[in-house]
Amino acid sequence: MIESTILLQDIDPLVLYGVNNNKLDVLKKAFPLLKMVFRGDKIKVSGKGDEIEQFELKMRVIVDHIKQYQDITLKDIEKIAMSETPNTAYLAKPTGDVIVYGNNGHAVRARTPNQRVMVEQNLKNDILFAIGPAGTGKTYTAVALAVKAWKEKQVKRIVLTRPAVEAGENLGFLPGDLKEKIDPYLRPLYDALDDMIPADKLAYYMSSRTIEIAPLAYMRGRTLDNAFIILDESQNANDLQIKMFLTRIGSNAKAIITGDPTQVDLPRNQKSGLDKAVRILQNIEGIAHITLDEEDVVRHKLVKAIIKAYDKERENETENSYHR
């Protein structure tokens, strides 16, 4: 009798185990002579040497597929379990607009034409400006692209940042320490990550600074190498802040800057630097620009109508101002 322990590194065990452990049941039926114990990220097997060798071989194929696609179907588990020469060549490859697979195999997709353009331009360029109104999925898509690049080991860490404009105005009135005061303004970034990385692992990655979420002011003086960096709500950064962010980008790094010029929360004596950045950084190789609009809204159906109504009102105000 031989014993062996397999560590499930860099994959979510729940993806392997399946709903109600239905994928594990397939493996157990395929190897009835082996005794298997599945606990968290460890699999302990005992039995004859040749049986264990076959099991380990098939597990490597399964784990490699999950590492690449963050998912594996029950049918693919069955194919591998029953095959005499298991390999990934005949397994189903995710198709369509899937960016990354999140928690419990949830597929995060590019759901609109402009979101698909974001994905394409991110592949071709190191810096991408994604500009558009609320609800168009620009932040969520950007975070998904960052998680994908990190899972595929294209970068070593993820850095997400936002200007804490409201925090700067009201910090003294909020309870708690500095982190507790600032976190509410970074919440949308946490929410996106929560969909894509299990809570316990996310906590670990953040404690080890593999994934970092911080106010824009914390970026000053740093050089970010081997990182995927996102500046969210960039319309609330002034000219010097956006320049500071863009010049933090180090070697083997990618950046996405998202913003909505119609929702500037800066004090009246401050001017957003987003329009200037978009204007002067046109036609630079390696920097791409994508504009999302109400047709990309993926929230409640009324959000699209609300955006159109405000756009129309803004046009009327501009026209009336011109005629005065």
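**View 1. Arg 157 stands opposite Ala 227 in strand S9.** Strand S7 (residues 157-162) and strand S9 (residues 227-231) pair in the parallel sense over 5 bridges. Strands are DSSP runs (E, at least two residues) and helices likewise (H or I, at least four), numbered from the N terminus. Two strands pair if DSSP finds at least two bridges between them. This is a predicted model: local features need pLDDT of at least 70, side-chain atom pairs count only at pLDDT 80 or more, and totals for chains, interfaces and linings use all residues. Residues are numbered from 1 along each chain as its sequence is written, and side-chain values use heavy atoms, with hydrogens and water left out.

**View 2. Six strands form an open sheet with parallel pairing.** The order is S8-S7-S9-S10-S6-S11. Strand S8 (211-215) and strand S11 (287-291) are the edge strands, and each pairs on one side only. Neighbouring strands of this sheet are turned by 15 degrees against each other on average, direction ignored.

**View 3. Tyr 17 meets Phe 38 in one of the 4 aromatic pairs of the structure.** Rings of Phe, Tyr and Trp (its six-membered ring) pair if their centres lie within 6.5 Å; planes under 30 degrees apart count as stacked, over 60 as edge-to-face and the rest as tilted. Here the centres are 6.0 Å apart and the planes at 80 degrees, so the pair is edge-to-face. Tyr 17 lies in helix H1 (residues 13-17) and Phe 38 in strand S2 (residues 35-39), so the pair ties together parts 21 residues apart in sequence. Both residues are buried (under 20% relative accessible area, 1.4 Å probe, protein chains only).

**View 4. Trp 150, Tyr 204 and Tyr 205 form a cluster.** Ring pairs link these residues.

Notes. Buried < 20%, exposed > 50% of the residue type's maximum accessible area, 1.4 Å probe, protein only. Axes fitted to C-alpha atoms, helices over the stretch in contact; angles between N-to-C directions.
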